[in-house]
Amino acid sequence: KAYTISNKMDADIEESIEQKKGLIDMGAIAMYNAKQYKEAMAAYDFQAQLSTAINKIDTTAIYFAGICAENDKDWDNAVKYYSKCADYGYKVPEIYKTIASALIQAGKTAEATTFLEKAIEKAPNDKELHYVIGTFYMEAGQDEKATESLRKAVAIDPKYWDAQYQLGAHLQSQGTKLRTEANALKLNDPNFDKMIAQSDEFYKQAAVPLEAYIAAIPDDKAV
């Protein structure tokens with residue numbers, strides 16, 4: 001309150017806050033190294049609160065609190081602290097992927113996907129965001145959205161070999177799935193030829209990114 005209403009003692013208050021933050025930081029590091037993550041998280045949280053007394057936002061302390069929560073497998077608090085960092089523009093756009101990962105660990109896949117979609121609006125040319133959300137869609141069984149996201153990642157960077165591989169593997173798996181379903185049909189089923197043709201088309205599409213990948217990484221025998 002004194003810092004806000006008067007400039008008279010500002011220098012003394014700032015010095016006092018910084019001294020206290022320094023002491024807390026040493027304690028937080030010691031607790032983190034001792035794997036006392038919950039206690040370290042609380043210390044970093046308090047360190048961030050102290051900064052607000054002098055009208056500052058200590059995004060580093062907030063981020064470290066998130067790391068402690070993550071190590072403690074306290075995913076809800078990890079999401080809380082990382083989201084605060086994102087709100088302040090700290091480590092954007094990488095922080096979006098960190099939040100999504102924590103949400104996945106918390107079993108909140110739908111929220112993670114929604115969050116990444118919002119993140120892409122802010123960073124539309126982040127190839128890794130498109131790649132990550134593409135893999136999430138794969139796990140969720142949303143094949144078309146997965147293909148779209150992976151294609152965007154490849155379009156942004158044709159030398160993004162992980163995305164090339166994942167796109168090819170995804171398309172190949174769709175082709176195999178269709179072929180398996182077609183072979184399970186009853187004899188003379190009119191859908192057989194159509195499904196086989198669709199399967200072949202998926203294989204043709206898969207060959208493009210897989211050939212690009214293998215040209216760059218020729219020793220991958222599986223591919």
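Reader: At roughly what angle do the axes of α6 and α8 cross?
Author: This is a predicted model, in which local features need pLDDT of at least 70, side-chain atom pairs count only at pLDDT 80 or more, and totals for chains, interfaces and linings use all residues. Residues are numbered from 1 along each chain as its sequence is written, and side-chain values use heavy atoms, with hydrogens and water left out. The axes of α6 and α8, lines fitted to C-alpha atoms over the stretch in contact with angles from 0 to 180 degrees between N-to-C directions, come within 10 Å and cross at roughly 15 degrees.

Reader: Which residues of α8 make the contact with α6?
Author: Contact means heavy atoms within 4.5 Å. From α6, Tyr96, Lys97, Ala100 and Ile104 take part. Their counterparts in α8 are Glu128, Leu129, Val132 and Phe136.

Reader: Against which helices do the buried residues of α7 pack?
Author: Buried means under 20% relative accessible area, exposed over 50% and partly exposed in between, with a 1.4 Å probe and protein chains only. In α7, the buried residues are Ala112, Thr113, Leu116, Ala119 and Ile120. They cover an arc of only 120 degrees around the axis, so they lie on the same side of α7. The helices they pack against are α6 (94–105) and α8 (127–139).

Reader: Which residues are exposed on the other side of α7?
Author: Helix α7 spans residues 109–122. On its other side, the exposed residues are Ala110, Lys118, Glu121 and Lys122.

Reader: Does Thr59 count as buried or exposed?
Author: Thr59 belongs to helix α4 (residues 59–71). Because its relative accessibility is 16%, Thr59 counts as buried.

Key
Helix = DSSP H or I, 4+ residues; strand = E, 2+ residues; numbered from the N terminus. Expected span 1.5 Å × (residues − 1). Arc of directions from axis to C-beta.
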